[in-house]
Amino acid sequence: MVSFRFPFSFPQPGNQPNVISKAATTSRSHSFSAVACSVAAGAATFAAISYSKNSRGGEPSVVENALNSLLSGRSSLPWASLALADGPASVVESKTGESFPCVISGSRKLLGIGLRRKSLLGLKSIDVYAFGVYTDKDEVRISLGDKSGKLSAAELKQELLEADISLTVRLQIVYGKLSIRSVRNAFEDSVGSRLQKFGGTDNKELLQRFTSQFKDEYKIPRGSVIELSRERGHVLRTTIEGKDVGSIESKALCRSILDLYIGEEPFDKQAKEEIENNLASFLQK
Ligand code: DAO
Ligand code: DAO
């Protein structure tokens, strides 16, 4: 089932975010459970996380216990306070401070968040953007049919990668000096190698078609929001600040882009695992 790793924070309407901080077991600070979004959305969801075994099939961790007791009103933890009355509309990724909406495009729900870092000349790493992966639970259910209850978390994620199900990766830029040229170069690097693997016949032409959507005069300052969406029919649609930049129909291109986040060698391994687990728990509700 779901793993709970903290800290993350719930912004409350009109208030400072309520931050659940600290966890001795946390291996990296930006992890979160997408269930956080739905947990706070209503009492009905509470039952869904009142389980006794964790996602790894073992006993619940200190953190999982903490969350369960918090949500059942038995909290004795001085470090955690959570006001659930209205439910959060977003989850804050605490390493970068980027806030991700729990739902976008009406019905696509947040499955997990992560961080894209890039090493410069092997010397230092920069945080380039935080990302969130969203999908529509009902669409996944319909697409998988009977299979949805029978597959493991990893198999479900594989289905999500391959199937004709709409899905969005939302990038929130944190690096302040991005130029279109460096985006093009990085893209040719990361997506180019995957396109070969996933079998586009004319990879160069496809890459060029994609990157030529991004005009040199575009600016991508810190805070920019870019959404890469796979729409039904394997159409990759890109928006910048909510404005359509272009759409390209290509299964190989969609597959290659998604592979960056939830494939075999993702930018953020922990995020990928969380997305897998949250997808599985999503489908159980
Ligand atoms: O300033 O030269 C530099 C380093 C730039 C690193 C750029 C990485 C770009 C990653 C892709 C961003 C996609 C929005
Ligand atoms: O992180 O290496 C990477 C690739 C991310 C894909 C980014 C594509 C979006 C490019 C948007 C350009 C905006 C002008």
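Here are legends for a few close-up views of this predicted model.

Local features need pLDDT of at least 70 and side-chain atom pairs count only at pLDDT 80 or more, while totals for chains, interfaces and linings use all residues. Residues are numbered from 1 along each chain as its sequence is written, and side-chain values use heavy atoms, with hydrogens and water left out.

**View 1. Helix α5 packs against helix α8.** The α5 (residues 153–162) and α8 (residues 251–262) axes sit 9 Å apart at an angle of about 145°; axes are lines fitted to C-alpha atoms over the stretch in contact, and angles run from 0 to 180 degrees between N-to-C directions. Helices (H or I, at least four residues) and strands (E, at least two) are DSSP runs.

**View 2. Glu 231 pairs with Arg 108 in a salt bridge.** That term takes a side-chain nitrogen of Lys or Arg within 4 Å of a carboxyl oxygen of Asp or Glu. Here the closest N and O atoms are 2.7 Å apart. Glu 231 is in strand β9 and Arg 108 in strand β6, so the pair ties together parts 123 residues apart in sequence. Glu 231 is buried at 16% relative accessible area, and Arg 108 is buried at 9% (buried is under 20%, exposed over 50%, partly exposed in between; 1.4 Å probe, protein chains only).

**View 3. Arg 194 and Asp 259 meet in a salt bridge.** The N to O distance is 2.9 Å. Arg 194 belongs to helix α6 and Asp 259 to helix α8, 65 residues apart, and both are buried.

Technical notes
Chains lettered and ligands numbered in written order.
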